[in-house]
Amino acid sequence: MTFDSNMGGGRPPRQMYDVSAMGLKCAGCGADITELPFQPTGDRPVYCRDCKRQNSGSGSGFSARPQRQMYDVSAMGLKCAGCGVDITELPFEPTGDRPVYCRECNRNRRQSYSGNRY
Ligand SMILES: [Zn+2]
Ligand SMILES: [Zn+2]
């Protein structure tokens, strides 16, 4: 039974496989990869630590989502084509040749679009 919980003190780092003999290169930046936290199978690309962090940073787990830009249209005196309320900002630049809707009406329209088709 090998239960070396107290080896050198502290938690041992994640086991790393020495792959320096395999001449692996990072599929992202081309850096030499000398160790991996898993045994490479050879049929899928491997990434260095930096690239892996970048890959996991962006993508699905996006914490710092930039806010959608809003255009200040308060000077244009636009009214919602649905309820007639004043529109002061829009998520897009109004072209003037198509009706604009307030947030409330936009949501209602989207719901009715997906809700009942005809
Ligand atoms: Zn890399
Ligand atoms: Zn409206």
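1. The protein chain holds two helices and eight strands. Helices (H or I, at least four residues) and strands (E, at least two) are DSSP runs, numbered from the N terminus. Read from the N terminus, the order is β-β-β-β-α-β-β-β-β-α.

2. This is a predicted model: local features need pLDDT of at least 70, side-chain atom pairs count only at pLDDT 80 or more, and totals for chains, interfaces and linings use all residues. Residues are numbered from 1 along each chain as its sequence is written, while chains are lettered from A and ligands numbered from 1 in the order in which they are written.

3. Of the 118 residues in the protein chain, 5% are buried. Buried means 20 or more other C-beta atoms within 10 Å of the residue's own; exposed means 12 or fewer; partly exposed lies in between, with C-beta atoms placed from the backbone. Among contacts with a separation of 6 or more, 2% join residues 24 or more positions apart. A contact needs C-beta atoms, placed from the backbone, within 7 Å.

4. Val46 sits in the loop between strand E4 (35-36) and helix H1 (49-57). Val46 counts as partly exposed because it has 19 C-beta neighbours inside 10 Å. Beyond four places in sequence, its contacts are Leu24, Cys26, Ala27, Ile33, Leu36 and Pro40. Leu24 is 22 residues away in sequence, with a C-alpha to C-alpha distance of 7.8 Å.

5. Val100 lies in the loop between strand E8 (89-90) and helix H2 (103-115). Val100 has 19 C-beta neighbours inside 10 Å, so it counts as partly exposed. Setting aside residues up to four places away, Val100 touches Leu78, Cys80, Ala81, Ile87, Leu90 and Pro94. Gly82 is 18 residues from Val100 along the chain, and their C-alpha atoms are 8.3 Å apart.
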